[in-house]
Amino acid sequence: SASAFSINSAKASLDSGNQVDFTTIEAHTIAGLVKLYLRELPEPLVPMSLYDQVIAFEDQADPIDSLKNIVQHMPGLNWNILNFLIKFLTKVCANSEINKMTPGNLGVVFGPSLIWQKGQTDYFGSAGNVNAAIETMISNYETIFENKPKEEEKQLQFKPAMRTFTIISQHNPISANNFTNSKPVNRANSFNPTNITQQNSNKTTTSA
């Protein structure tokens, strides 16, 4: 895994407006930056207003349908980013025999960064529910993200502070082989965490 020093050093460079050459940085550090970006948002990607519903999704008669309904009530842009990220993580799972990142493990890695409540004092009491929600989204991606929210025009419920930065890759902003094998990559492409699109999502994966 990436060290706190390497993640914070890269973050400091990005926040200073510098272009970071990711050919010199481990894939684990890039994954750590994504998680740090999500954790430092003033509002989680899955809005706090949906938190109680998310942690109770397994108590419903049809947990998958319940989670699908919850996701449908997210603001459109929040949904777009979560959709991109979960689709990305399904590609991580395709390489789980190499990277050990099963849906369950990815739920543990990304759950706390995507679903949380401000002022929360007992995270561990709901950690299992949060992690299970992300695991279920990954395992049932096609069903849960089948339809976009009705209110796609709604804006993000937060204004990210981290600046646009550049990720180096051979084919996409994040390359499957690069993250699976944790090797340096070659070519720079623009990646903006505030405006993630799905156009380059094919053949992507990561290692958390």
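Helices are DSSP runs of H or I with at least four residues, numbered from the N terminus. The exercises below use this term for a predicted model.

**Exercise 1.** Find the helix in which Ser-66 has its place, decide whether Ser-66 is buried or exposed, and list which residues Ser-66 touches beyond four places away in sequence.

*Solution.* Begin with the location: Ser-66 has its place in helix α4. Next, take the relative accessibility of Ser-66, which is 16%, and compare it with the cut-off, since buried means under 20% relative accessible area. Ser-66 therefore counts as buried. Finally, leaving out residues up to four places away in sequence, Ser-66 touches Phe-57 and Gln-60.

**Exercise 2.** Describe how α1 and α2 pack, and say which residues make the contact.

*Solution.* The angle between α1 and α2 is about 65°, and their axes are 9 Å apart. Angles of 65 to 115 degrees count as roughly perpendicular, so α1 is roughly perpendicular to α2. The crossing in which α1 passes α2 is right-handed. On the side of α1, the contact is made by Ser-6, Ile-7, Asn-8, Ala-10, Lys-11 and Leu-14, and on the side of α2 by Thr-29, Gly-32, Leu-33 and Leu-36. Sorted by class, the residues of this contact divide into five nonpolar, four polar and one charged.

**Exercise 3.** Carry out the analysis for α5 and α7, beginning with their angle and the distance between their axes.

*Solution.* Here the helices pack at an angle of about 155°, and the axes of α5 and α7 are 10 Å apart. Since angles over 145 degrees count as roughly antiparallel, α5 is roughly antiparallel to α7. The crossing of α5 past α7 is right-handed. The helix α5 contributes Leu-82, Leu-85, Leu-89, Val-92 and Cys-93 to the contact, whereas α7 contributes Pro-103, Leu-106, Phe-110 and Leu-114. By class, this contact has nine nonpolar residues, with no polar and no charged ones.

**Exercise 4.** Work out how many residues the largest nonpolar core has, which helix gives the largest share, and which residues Phe-145 touches.

*Solution.* The largest nonpolar core has 36 residues, and those with the most contacts inside it include Leu-82, Leu-89, Leu-114 and Phe-145. At least two residues of this core come from each of several helices, among them α2, α4, α5, α7 and α8. The largest share, nine residues, is supplied by α5. Residues up to four places away in sequence aside, Phe-145 touches Val-71, Trp-79, Leu-82, Asn-83, Ile-86 and Met-137. There is also a second, separate core of nine residues, which includes Leu-14, Val-20, Ile-25 and Leu-36.

**Exercise 5.** State how many helices and strands the chain has, and what percentage of its residues count as buried.

*Solution.* The chain comes to 10 helices and two strands, and along the sequence these follow the pattern α-α-α-α-α-α-α-α-α-β-α-β. Of the 208 residues, 48% count as buried. Among the contacts with a separation of 6 or more, 73% are accounted for by residues 24 or more positions apart.

How values were computed
Residues are numbered from 1 along each chain as its sequence is written. This is a predicted model: local features need pLDDT of at least 70, side-chain atom pairs count only at pLDDT 80 or more; totals for chains, interfaces and linings use all residues. Side-chain values use heavy atoms; hydrogens and water are left out. A nonpolar core is a set of buried Ala, Val, Leu, Ile, Met, Phe, Trp, Tyr and Cys residues joined through side-chain atoms within 4.5 Å. Buried means under 20% relative accessible area, exposed over 50%, partly exposed in between (1.4 Å probe, protein chains only). Contact means heavy atoms within 4.5 Å. Axes are lines fitted to C-alpha atoms, for helices over the stretch in contact, and angles run from 0 to 180 degrees between N-to-C directions. Angles under 35 degrees count as roughly parallel, over 145 as roughly antiparallel, 65 to 115 as roughly perpendicular and the rest as oblique. A crossing is left-handed if the near helix is turned anticlockwise from the far one by less than a right angle, and right-handed if clockwise. Ala, Val, Leu, Ile, Met, Phe, Trp, Tyr, Cys and Pro count as nonpolar, Asp, Glu, Lys and Arg as charged, and the others, Gly among them, as polar.
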